[in-house]
Amino acid sequence: MASDLISFSNPVFAQYAFYSGVVLCKTMDMSLLTVYYRLKNKVFINPEDNPGGKVTPNDPDVERIRRCHLNDLENVVPFVLIGGLYVLTGPSAHAAALHFRIFAAARIFHTISYLFALPQPCRALSFVVGYMATASMAVNVIRSGVM
Amino acid sequence: MASDLISFSNPVFAQYAFYSGVVLCKTMDMSLLTVYYRLKNKVFINPEDNPGGKVTPNDPDVERIRRCHLNDLENVVPFVLIGGLYVLTGPSAHAAALHFRIFAAARIFHTISYLFALPQPCRALSFVVGYMATASMAVNVIRSGVM
Amino acid sequence: MASDLISFSNPVFAQYAFYSGVVLCKTMDMSLLTVYYRLKNKVFINPEDNPGGKVTPNDPDVERIRRCHLNDLENVVPFVLIGGLYVLTGPSAHAAALHFRIFAAARIFHTISYLFALPQPCRALSFVVGYMATASMAVNVIRSGVM
């Protein structure tokens, strides 16, 4: 019965939940890193965060983390949403694990590439690999939706 | 049984999955368009993307696509999240299809309005129509949640 | 049976759906507030929004709401995604209600702190409390995913 697909007793779902939890936590950690660099570099964006001091809109370190965080939102959130629908299409455990692991590895490498400013095409490649994993699942979801 | 609602054998869910897949892919395509315009207009935001060259923070073409992408994140992601909960409230197939189709059409027209800078109120109207579709589903979800 | 967990007949799920609907609507309301302040302060970011007039990229009121909106996306969306997986781990009704209520209250107080520029640590504390609620659920999800 299809509804049993959405359960931790389904190994595909358990894998999906595990990797979704990991990449969402990784995304949320960007917030903590932003706070750390705002305090370290003393760059505050809101007047109430630095009473009597000044507001600094553009700090290179903080803006780099912000861009990495936004890129995560743009890619990790669609992965989790499409991944959940993909689990319901009843993929093989092997194919599903491949999608989830490739995506998670690509995004972790993307974050490392971004934060340490690794030379291109490190970041570009990790972005494309993660993107392809989500797109491949999306094709399965859309195809299951029309049939 | 309520749990059968989340299955591709439920026509309402299949429609939800199809339209969610479409609008999420549309959102993710904004990334590719951003990359295309960054390369075409030679505007790079990270030093490592253009070694020896300069960083250009504000290009009108790229910023327009970025705003469109962010607007999608602000609207498409809530649609998919609330839509999934809405499917579980057991709506009629007719009402559900209406919500999903109106939202998808509105967001596609919103993107066209944004990217081609169509005169207002094209973009404003498409934004409002998509917003109302999600809000209408949210009312159903919140009402089902309290009862 | 695990699949019955995702149903409005499960009180934990009904609570999850209710609070998810509330915080997502709160997030989407930031769009309306942005539009209101753009019209009130006459600050337009797209040339087609103000034909014959000028474009004003940085208005303090609008930028404050935009930051609040982005912070919501960064925190509310992970809450809803992780919360849905958390419901499937079969938490006690008491523990689940605690997580959902604390998160919702923290985010509503975060918005008030941000929009009215309340002195710190109002906003910082409400951010941390909401963050901890989501992180606590994420730990449960990841642990259920590996076992």
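## Terms and model

Two residues are said to be in contact if their C-beta atoms, placed from the backbone, lie within 7 Å. By that definition, and leaving aside neighbours within four places in sequence, B:Ile82 is in contact with B:Thr134, B:Met137, B:Ala138 and B:Val141 of chain B, and also with C:Gly21 and C:Leu24 of chain C.

The model is predicted, with local features needing pLDDT of at least 70 and side-chain atom pairs counting only at pLDDT 80 or more, while totals for chains, interfaces and linings use all residues. Residues are numbered from 1 along each chain as its sequence is written, and chains are lettered from A and ligands numbered from 1 in the order in which they are written.

## Chain A

Chain A has four helices and zero strands, where helices (H or I, at least four residues) and strands (E, at least two) are DSSP runs numbered from the N terminus. Read along the sequence, the pattern of chain A is α-α-α-α. The C-alpha atoms of chain A fill a box of roughly 65 × 35 × 25 Å along the principal axes. The radius of gyration of chain A, taken over C-alpha atoms, is 19 Å, whereas a compact globule of 147 residues would have a value near 15 Å, by a rule of 2.2 Å times the number of residues to the power 0.38.

Of the contacts in chain A with a separation of 6 or more, 72% join residues 24 or more positions apart. Buried residues make up 43% of the 147 residues in chain A; a residue is buried if 20 or more other C-beta atoms lie within 10 Å of its own, exposed if 12 or fewer, and partly exposed in between. A:Leu118, found in the loop between α3 (93-115) and α4 (122-146) of chain A, is partly exposed because 14 other C-beta atoms lie within 10 Å. Not counting residues up to four places away in sequence, A:Leu118 touches A:Ser113 and A:Arg123.

## The nonpolar core

A nonpolar core is a set of buried Ala, Val, Leu, Ile, Met, Phe, Trp, Tyr and Cys residues joined through C-beta atoms within 7 Å. The largest such core has 114 residues, and those with the most contacts inside it are A:Ile82, B:Ile82 and C:Ile82.

## The two faces of chain C

The contact between chain C and chain B takes 27 residues from chain C and 25 residues from chain B. On the side of chain C that touches chain B, the elements giving two or more residues are α1 (11-40) and α2 (60-88) of chain C, and α1(C) gives the most, with twelve residues. Helix α1(C) has 30 residues and reaches 43 Å from its first C-alpha to its last, close to the 44 Å expected at 1.5 Å a residue, the expected span being 1.5 Å times one less than the number of residues. After α1(C) comes C:Lys42, whose phi is positive, near 55°.

The contact between chain C and chain A takes 24 residues from chain C and 27 residues from chain A. Here the elements of chain C that give two or more residues are α2 and α4 (122-146), and α2(C) gives the most, with nine residues.

## Symmetry

Chain C can be laid on chain A with an RMSD of 0.0 Å by a turn of 120° and a shift of 0.0 Å along the axis, which is the relation of a three-fold axis. This superposition is by least squares on the C-alpha atoms of residues with pLDDT of at least 70 in both copies. The copies use different surfaces, as 17% of the contact residues of chain C recur in chain A.
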